[in-house]
Each structure stands twice: as structure tokens, then as C-alpha cells.
Amino acid sequence: MFSQALVVRVDSIAHHLQTVFLFTKDDIRITLIPVTIFALSFTIANQIQDPEEDRKNKPSRPIPAGRISVSSAADMRWVLVPVCLMLSLWYGTQALLASTTFAAFTIWYNELHSDKMGLSKNVLTAILSGCLEVGGIVATGSSNSCIDEAGAFAVALSSTVFATTLHAQDFKDEEGDRLTGRRTLPTIFPKAARFSMMFGIPLWSYGLSHIWKIDALSTTAFVAYGAFVGTRFVVYDTVGADKQSCKLYSVSRNVI
């Protein structure tokens with residue numbers, strides 16, 4: 001009896017998973033794969049810059065783990081640039097512009113070492129994220145589609161939120177960043193950076209809820225979660241706690 005019920009439950013779950021897949025089947029080809037390729041080009045460009053830092057902060061990454069050499073990763077990084085540009089051209093002028101901007105700012109961020117400074121790192125990463133968002137929005141439309149005013153406003157807000165809260169991801173790497181000389185907001189202003197999380201995340205949660213006219217109950221939930229996440233950065237400051245807070249921050253950013 002139990003085994004029959006289990007089989008029925010598994011079949012039901014499989015049915016619903018297939019339904020979800022069918023809803024997003026076309027999006028995998030037209031959105032997920034292109035955005036993943038663009039993100040990969042930036043990630044590789046970033047990780048070939050300072051493998052020594054990754055050995056301290058993120059030893060599981062491909063280069064410090066010995067899965068690929070720096071030179072081979074560099075070759076892949078530059079091959080992906082024309083691939084991304086040609087792929088974006090297929091989606092239209094606006095996508096090509098976003099791709100070109102993405103490629104230029106990737107060089108500014110990595111090869112020109114602007115990621116070594118806290119403020120420029122936040123701003124440039126937000127711009128790069130905005131380019132990915134524009135490309136993703138355009139890719140979901142018809143051929144040569146353009147982003148509308150509402151979409152552009154949403155991307156601008158998202159990029160601004162990212163620029164002012166991105167250093168949430170730097171707390172967990174603070175020790176390694178100090179050893180390698182990387183100047184992030186947590187290494188330059190350790191206390192102020194943590195308090196900016198406590199106030200910034202809930203304020204953005206409230207502001208965005210107001211802008212998009214979210215109902216009172218949802219607004220309260222968003223602000224409460226943002227306050228919880230922001231307060232964690234101040235109350236708990238160990239590496240393990242910062243890693244967990246960073247994960248919770250990622251959830252809050254995707255929600256707001």
C-alpha cells in the first residue's frame with residue numbers, strides 16, 4: 001500500500017516537473033543559454049586576473065583547482081568575445097549595443113583592474129549586470145525587439161540596488177582581500193559597510209515596493225526580510241556567518 005502511494009506521488013511530481021519544463025523549454029534556448037555564455041565570458045575574464053587570490057578565497061574554482069591553466073582559460077575568454085557579439089547581433093541592434101557595452105566594461109573591470117577599488121567595483125558590476133538584464137529582456141521578445149520604458153526603468157532600478165548593496169558579497173572574502181591588497185568597501189570601511197547593509201536593504205525593499213505599488217502585506221514581508229538580512233551583517237561577522245548572510249542577500253536581491 002505504501003509503495004503504491006509512493007509510486008503515485010513520484011509520478012505526480014514527475015508530471016509537474018515536466019509541466020514546468022514545458023513552460024520554460026523555449027526560454028532555455030533563447031534566454032538561458034545566451035545569458036549563460038555572456039556570464040561565462042565575464043567570469044573567465046575575472047578569474048584569470050589573480051589566481052593567487054582564488055587560491056586563498058575560492059580554491060575550488062577551475063584554475064586554482066588545476067582543472068585548466070591560466071593561458072587556456074585566457075584563450076577561451078577572448079574566443080567568447082566575438083561569439084557573444086555575433087550571438088547578440090542575431091537578437092537585434094539593442095542586444096548588440098548591450099553586448100558591446102558588456103565587452104568594453106569587462107575589459108575595464110578586469111584587464112584595467114578597476115575591480116581592485118570598492119566603489120568602482122560596485123558601479124562597474126552593476127553596469128555589467130544591467131547589460132545582462134537588457135540582453136535577457138530583449139532575447140525573450142521577437143526578432144529585433146527593443147526594451148520598452150518600463151523595462152529600462154526596471155533595469156536602472158535593479159542596477160542601482162546592485163551598485164549600492166553589492167559589497168554584501170565581499171564580507172566573506174575580507175581576509176583574503178586584505179592579504180592580496182584588494183580594496184573593497186569592507187576592507188576600507190569595515191564598520192560603515194556593515195551598517196550600510198542594515199539600513200540599505202530594508203530601505204530598498206520599501207522603496208521598490210512603493211514604486212511598483214506592492215500590497216501592504218507583501219511590502220511588510222519584503223521589508224522584514226530585508227531588515228533580517230541586513231542586521232545579520234552587523235550582528236554576525238565571522239566568515240561562516242558572512243557566507244550565510246551573502247546567500248540570504250542573494251535571495252533578497254532577486255526578490256526585490
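I107 has a relative accessibility of 34% and therefore counts as partly exposed, in a model that is predicted. This residue belongs to helix α4. Together with W78, W108 and L112, I107 forms a nonpolar patch on the surface, and the four share about 420 Å² of accessible area.

Helix α4 (93–109) also contributes two or more residues to the lining of the largest pocket, as do α1 (2–47), α2 (51–57) and α5 (118–140). This pocket holds about 800 Å³ of space. Its lining comprises 30 residues, and F42, N46, R61, Y109 and Q169 lie nearest the centre. By class, 13 of the lining residues are charged, nine are nonpolar and eight are polar.

Charged side chains also form pairs. Side chains of opposite charge can pair when their charged atoms come close. Seven salt bridges are found in the whole structure. In one of them, R77 pairs with E111, with 3.2 Å between the closest N and O atoms. R77 counts as buried because its relative accessibility is 2%, whereas E111, at 24%, counts as partly exposed.

A further salt bridge joins D170 to K121, the closest N and O atoms being 2.5 Å apart. D170 lies in the loop between α6 (149–165) and α7 (174–180) and K121 in helix α5, so this pair ties together parts 49 residues apart in sequence. Both D170 and K121 are buried.

R194 and D242 meet in a salt bridge with an N to O distance of 2.9 Å. This pair connects helix α9 (residues 190–211) with helix α11 (residues 239–255), its members being 48 residues apart. R194 and D242 are both buried.

Notes. Residues are numbered from 1 along each chain as its sequence is written. This is a predicted model: local features need pLDDT of at least 70, side-chain atom pairs count only at pLDDT 80 or more; totals for chains, interfaces and linings use all residues. Side-chain values use heavy atoms; hydrogens and water are left out. On a 1 Å grid over the protein atoms alone, a cavity is a set of points where a 1.4 Å probe fits but cannot get out, and a pocket is an open set with protein on both sides within 12 Å along at least five of seven lines; lining residues have an atom within 4 Å of a point. Grid points are joined across faces, edges and corners, and a volume is the space filled by probe spheres set on the points. Helices (H or I, at least four residues) and strands (E, at least two) are DSSP runs, numbered from the N terminus. Ala, Val, Leu, Ile, Met, Phe, Trp, Tyr, Cys and Pro count as nonpolar, Asp, Glu, Lys and Arg as charged, and the others, Gly among them, as polar. Patches are made of residues with over 30% relative accessible area and no salt bridge: like charges are joined within 9 Å, nonpolar side chains (Val, Leu, Ile, Met, Phe, Trp, Tyr) within 5 Å. Accessible areas come from the Shrake-Rupley method with a 1.4 Å probe; for residues, only the protein chains shown count as cover. A salt bridge is a side-chain nitrogen of Lys or Arg within 4 Å of a carboxyl oxygen of Asp or Glu. Buried means under 20% relative accessible area, exposed over 50%, partly exposed in between (1.4 Å probe, protein chains only).
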